[in-house]
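The chain and its coordinates come next.

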Amino acid sequence: MSKGFSTPERCLHDLYLIIKNFEALADSPHGEGVRRLRTHVLEAAEAAIRSVMPESLFRSKVRVTGSILHVLNDAFDLDGFSEIYVIGGGKASVEMVAQLNSMLGNRISGGEVAAKVDGELKVGAVRINPASHPVPDERSLEATQRIIELASKATPQSLYIVVISGGASAMISSPRVGVSLEDKAMTTKLLLECGADIEEINTVRKHLSMVKGGQLQKLIYPATTITLIISDVVGDKPEVIASGPTVPDPTSFRDAYRVLEKYGLLNRVPQAVLKLLERGVRGLEEDTPKPGSTVFKTAHNYIIGSNTDACMAAWSSLKERGYNPLLLTTRMQGEAREVGRFLVGVGSSLSNPPFDAYVVGGETTVTVRGSGVGGRNQELCLSALISLRGCGGVVLASVGTDGVDGFSEAAGGIIDGYTYSDALERGVSPEEYLDNNDSGTFFKRVGGAILTGPTGTNVSDLVLLVTHRD
């Protein structure tokens, strides 16, 4: 099958609305071969993100027939509940609520959801409350208080449908007594900057919270909960995703304390945080509910979307365009710059048949040492392009499926074997920008920043690498 361009008709329709600067990114002064590779990588990224939009996920995994709600292989008779409430939060929560509203309509009695929106809005009977990400603020606190108040209405005949997606750990925030919102925000910021992974960050968050780590389920019990989860966590552990508000928590205060100890933060976090964790370690604070707790007898947790879905959609897109792609892993982790170099090495070592395209999913971290602007996806690309210099027949892209890469405006980046020399011609040193953690500025100056805006979903990151073998 020929690996040619997509037909012009496709470009005229709505296929590229996710990547706003698709055509500019696909273009290249280095010939048709490079343009073709860049086009196919961007098409695969588009397909991946579309596959994990709530509309796509609900269509395949959640449905209603009569009074029966089907979630994956389970079924619930909605006529058996006196009221149905929708609560939760995250980057995909608005569209998840919209899908539920379309399916259930007047069956929904009310709802409170936290989302990164500019102002309060209603979707059917559900109120969408503005909240902050990646660091919680007063809006997050207010939104969470409304969720808690609605949870307090629970009876044994109630059904709570909980929508959870990436970002909910910050958007749903209710600190324990003695810890202020500012204390929690500062702790989160320190953990993000030191290179802690999401599992470690959420271990701490759960023990500073009144609702995370199964504590929301504790508030709702004995009502029934159906939690619909779009996973942004490597390994798809429900107890880690959004800090597991309706899931048993296997971690302890001691585990949270050890995370701070590991990253040298014991003397940097606010004193209120340290004192709370120390009290917890001594057994003076009630820990989060553990596996086997009675409160989870009425809890049903379902992962309806994950990084694997996105990776398989990208794989299929590349396959349709004539490549023989290999899905390397959906568990990519580690320092972004090191992973970038590693993937270039893997691509080089596997460059002989049968594979000519590689799909990788997961989430890297960045230990911030410089003063620049960027994110893990752009840093991965910036590191990789240094190793790729001179390899004209290779294109690599790394993109956050939520459309946000760190504190930059981009979702990620795309590079090829000529990007390094293009940068030098503009008087830009890739090494200097990498040393300063300034990948966002680099791609603004050189080109290659993938711009999507918030996508309305979040299943971590996707890296695509294709090679040319004519």
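## Cavity

A cavity is a set of points, on a 1 Å grid over the protein atoms alone, where a 1.4 Å probe fits but cannot get out; a pocket is an open set with protein on both sides within 12 Å along at least five of seven lines, and lining residues have an atom within 4 Å of a point. Grid points are joined across faces, edges and corners, and the volume is the space filled by probe spheres set on the points. The model is predicted: local features need pLDDT of at least 70, side-chain atom pairs count only at pLDDT 80 or more, and totals for chains, interfaces and linings use all residues. Residues are numbered from 1 along each chain as its sequence is written, and side-chain values use heavy atoms, with hydrogens and water left out.

The structure holds 1 cavity of 30 Å³ or more. The volume of the largest cavity is about 40 Å³. Its lining is formed by Leu328, Leu343, Val346, Gly347, Tyr358, Val360, Val463 and Leu465. Two or more of these residues come from each of α14 (336-349), β12 (357-362) and β16 (461-467), where helices (H or I, at least four residues) and strands (E, at least two) are DSSP runs numbered from the N terminus. Helix α14 gives the largest share, 3 residues. By class, the lining has 7 nonpolar residues, 1 polar and no charged. Here Ala, Val, Leu, Ile, Met, Phe, Trp, Tyr, Cys and Pro count as nonpolar, Asp, Glu, Lys and Arg as charged, and the others, Gly among them, as polar.

## Second largest pocket

The second largest pocket has a volume of about 280 Å³. It is lined by 16 residues, of which Asp27, Arg38, Asp422, Val446 and Gly447 are the closest to its centre. The elements giving two or more residues to this lining are α2 (22-26), β14 (412-416) and α16 (419-425). The lining of the second largest pocket divides into 5 nonpolar, 6 polar and 5 charged residues.

## Packing of α3 and α13

Helix α3 (residues 32-51) packs against helix α13 (residues 307-320) at an angle of about 140°, and their axes are 7 Å apart. Axes are lines fitted to C-alpha atoms, for helices over the stretch in contact, and angles run from 0 to 180 degrees between N-to-C directions. The crossing of α3 past α13 is right-handed; a crossing is left-handed if the near helix is turned anticlockwise from the far one by less than a right angle, and right-handed if clockwise.

On the α3 side the contact (heavy atoms within 4.5 Å) is made by His40, Glu43, Ala44, Ala47, Ala48 and Ser51, and on the α13 side by Asp309, Ala310, Ala313, Ala314, Ser317 and Leu318. By class, this contact has 7 nonpolar, 3 polar and 2 charged residues.

## Backbone geometry

Two cis peptide bonds are described here. One joins histidine 133 and proline 134, with omega about 10°; proline 134 sits in the loop between β7 (126-130) and α6 (138-151). Another runs from tyrosine 221 to proline 222, with omega near 15°, and proline 222 is in the loop between α10 (215-220) and β9 (224-230).

Positive phi values in residues other than glycine occur at alanine 242, near 55°, and at serine 243, near 65°. Alanine 242 is in the loop between β9 and α11 (253-262), and serine 243 is in the loop between β9 and α11. Alanine 242 counts as buried because its relative accessibility is 7%. Buried means under 20% relative accessible area, exposed over 50%, and partly exposed in between (1.4 Å probe, protein chains only). Serine 243 is buried at 0% relative accessibility.

Valine 394 lies in strand β13 (residues 394-400) and is buried, with 14% relative accessibility. Leaving aside neighbours within four places in sequence, valine 394 is in contact with Leu37, Leu388, Ile415, Asp416, Gly417, Leu465, Val466 and Thr467. Valine 394 and arginine 38 are 356 residues apart in sequence, and their C-alpha atoms are 9.0 Å apart in space.

Alanine 185 belongs to helix α8 (residues 181-194) and is buried, at 12% relative accessible area. Not counting residues up to four places away in sequence, alanine 185 touches Val135 and Pro136. Alanine 185 and valine 428 are 243 residues apart along the chain, with 35 Å between their C-alpha atoms.
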